[in-house]
Amino acid sequence: MAETALAEVMTELAGLEDPKIRAVNEKHGDDHGVNLGKLRALAKRLKTQQELADRLWRTDDTAARLLAILVCRPKAFERDELDAMLREARTPKVHDWLVNYVVKKSPHAEELRVVWSADPDPVVASAGWALTTERVAKKPEGLDLAGLLDVIEAELKDAPDRLQWAMNHCLAQIGIEHAELRDRAVRIGERLEVLKDYPTPPGCTSPFAPVWIDEMVRRQHKAQEATVSRAEPRPSP
């Protein structure tokens with residue numbers, strides 16, 4: 001039955017293939033042509049199926065692996081399985097979804113963060129930095145934030161693209177979340193000018209760290225002011 005289910009799902013995925021979507025995705029290194037909204041709808045219908053997720057992953061097909069990530073149980077994977085899966089993830093979207101939807105929910109996330117951050121493969125290291133950014137935002141206790149800025153300042157400028165993007169995100173997150181280090185984070189970004197000229201669509205925030213930090217802090221202050229305003233007592237009519 002499991003084999004039949006896999007065959008049925010692969011047939012359904014093939015039916016969702018759109019050459020125009022594939023052409024766009026291939027420009028970003030992703031070799032699939034499935035609309036992600038339709039992929040999510042399929043995952044919602046299938047619900048959680050760990051055995052099916054395992055089989056989908058082993059197909060080495062990008063759309064199948066994205067679906068596997070959506071229907072798996074993140075806590076079902078052992079540490080070494082996740083490590084192997086990350087190294088097998090050939091495309092940026094599979095890599096990103098695996099880290100964000102599976103590894104971040106795993107009890108092995110912290111151990112893998114430390115191991116991956118020190119890996120000589122820049123793509124693997126970028127996953128470690130993504131997990132570090134998550135900790136900067138949600139659980140910074142125990143992190144040497146100043147030390148992270150030292151590493152970023154020394155290595156960001158010449159880092160390969162995906163590693164550079166992940167390190168830059170960490171730089172911005174430190175500046176956004178930690179006021180005592182904000183000025184230093186901004187200065188590092190200004191001096192290195194990484195992603196300063198990155199094309200940013202209207203309505204989106206630039207990934208250039210000084211701009212990113214300023215915009216997110218502005219939004220935080222605006223939200224705080226709105227909360228205070230709603231909490232203030234109003235005079236009776």
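Author: Gladly! This is a predicted model, where local features need pLDDT of at least 70, side-chain atom pairs count only at pLDDT 80 or more, and totals for chains, interfaces and linings use all residues. Residues are numbered from 1 along each chain as its sequence is written, and side-chain values use heavy atoms, with hydrogens and water left out.

Reader: How many helices and strands are there in the protein?

Author: Helices (H or I, at least four residues) and strands (E, at least two) are DSSP runs, numbered from the N terminus. Read from that end, the elements run α-α-α-α-α-α-α-α-α-α-α-α-α. The count is therefore zero strands and 13 helices.

Reader: What share of the residues of the protein count as buried?

Author: Buried means under 20% relative accessible area, exposed over 50%, and partly exposed in between, with a 1.4 Å probe and protein chains only. The C-alpha atoms fill a box of roughly 65 × 60 × 35 Å along the principal axes. Of the 237 residues, the buried share is 43%.

Reader: On which side or sides of α6 do its buried residues lie?

Author: Helix α6 covers residues 79–88, and its buried residues are R79, L82, D83, M85 and L86. They span an arc of only 165° around the axis (taken from the directions from the helix axis to the C-beta atoms), which means that they sit on the same side of α6.

Reader: What covers the buried residues of α6?

Author: Contact here means heavy atoms within 4.5 Å. The cover includes α4 (50–58), α7 (92–102), α8 (109–117) and α9 (122–138).

Reader: Is C170 buried or exposed?

Author: C170 belongs to helix α11, residues 161–177. Leaving aside neighbours within four places in sequence, C170 is in contact with W129, T132, T133, V136, L148 and I152. Because its relative accessible area is 0%, C170 is buried.
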